[in-house]
Amino acid sequence: MTSNKEIQVFILTNGNEMIADIQDHHDDHYTIMKPASVVPDQTGKMNLVPSSLTFDMEKSVRLNKSSVAMIMEPNSSVRETYNKITSKIITPSKPAILKG
C-alpha cells in the first residue's frame with residue numbers, strides 16, 4: 001500500500017462499486033479523496049472513471065456510511081490502476097531500453 005493512503009473498495013447500497021482513498025473516519029461518514037466508480041465497457045471489461053465529472057478531484061468528499069453496504073481492500077491490479085488514474089505522475093510499467 002502507498003504510504004499515507006487507505007485505498008478501499010466500497011460496495012454501495014445501490015449496488016454501485018467505487019474505489020477511493022479514505023482520509024478520515026467519522027461516526028456517520030468517511031472523508032474520501034479521488035473517488036472512482038467501476039463501470040463495464042461494451043466488451044465487459046471493467047474500467048475506473050471519476051465518480052462525478054463536475055467535482056474537483058483534489059478536494060475531499062463526504063461518503064455517508066449509511067450508503068455503504070461493504071468495504072474491502074482492492075486487489076493489486078485494481079490498486080495499481082487506481083493509482084495510475086489518480087496520480088499526476090506517470091510512471092512506466094516496465095523499464096525500457098531505447099535504442100537510437
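Helices (H or I, at least four residues) and strands (E, at least two) are DSSP runs, numbered from the N terminus. The model is a predicted one: local features need pLDDT of at least 70, side-chain atom pairs count only at pLDDT 80 or more, and totals for chains, interfaces and linings use all residues. Residues are numbered from 1 along each chain as its sequence is written, and side-chain values use heavy atoms, with hydrogens and water left out.

**The whole chain**

Begin by selecting the protein chain and colouring it by secondary structure. Of its 100 residues, 28% are buried; buried means under 20% relative accessible area, exposed over 50%, and partly exposed in between (1.4 Å probe, protein chains only). Next, display the surface. The chain exposes about 7200 Å², of which carbon and sulfur atoms supply 52%; such areas come from the Shrake-Rupley method with a 1.4 Å probe, and for residues only the protein chains shown count as cover.

**The cores**

Which residues make up the largest nonpolar core? Select Phe10, Leu12, Met18, Ala20, Ile22, Tyr30, Ile32, Leu63 and Val68, which are its nine members. A nonpolar core is a set of buried Ala, Val, Leu, Ile, Met, Phe, Trp, Tyr and Cys residues joined through side-chain atoms within 4.5 Å. At least two residues of this core come from each of strand 1 (7-12), strand 2 (17-25) and strand 3 (29-40). Strand 2 contributes the most, with three residues. Another core, of seven residues, lies apart from this one; among its members are Val9, Ile19, Ala36 and Leu48. In soluble globular proteins, nonpolar side chains tend to be buried together.

Now centre the view on Ile22. Neighbours within four places in sequence aside, Ile22 is in contact (heavy atoms within 4.5 Å) with Glu6, Gln8, Phe10, Tyr30, Thr31, Ile32 and Ile71.

**Along strand 3**

Select His29, which is found in strand 3. His29 counts as buried because its relative accessible area is 12%. Its side chain makes a polar contact with the side chain of Asp28 (2.8 Å). A polar contact is a pair of N or O atoms within 3.5 Å; within protein, one must be able to donate a hydrogen and the other to accept it, and residues adjacent in sequence count only if both atoms are side-chain atoms. Not counting residues up to four places away in sequence, His29 touches Arg62, Leu63, Asn64 and Lys65.

The charged end of Lys65 sits over the ring of Tyr30, 4.9 Å from its centre; the rule requires NZ of Lys or CZ of Arg within 6 Å of the ring centre and within 35 degrees of the ring normal.

Move on to Thr31, also placed in strand 3. Is Thr31 buried or exposed? Thr31 counts as buried, at 16% relative accessibility. The side chains of Thr31 and His26 make a polar contact (3.1 Å).

Then select Lys34, again in strand 3. Lys34 has a positive phi of about 50 degrees although it is not a glycine.

Finish at Ala36 in strand 3, which is buried with a relative accessible area of 1%. Draw a distance from Ala36 to Val49: these residues are 13 apart in sequence and 5.2 Å apart in space, C-alpha to C-alpha.
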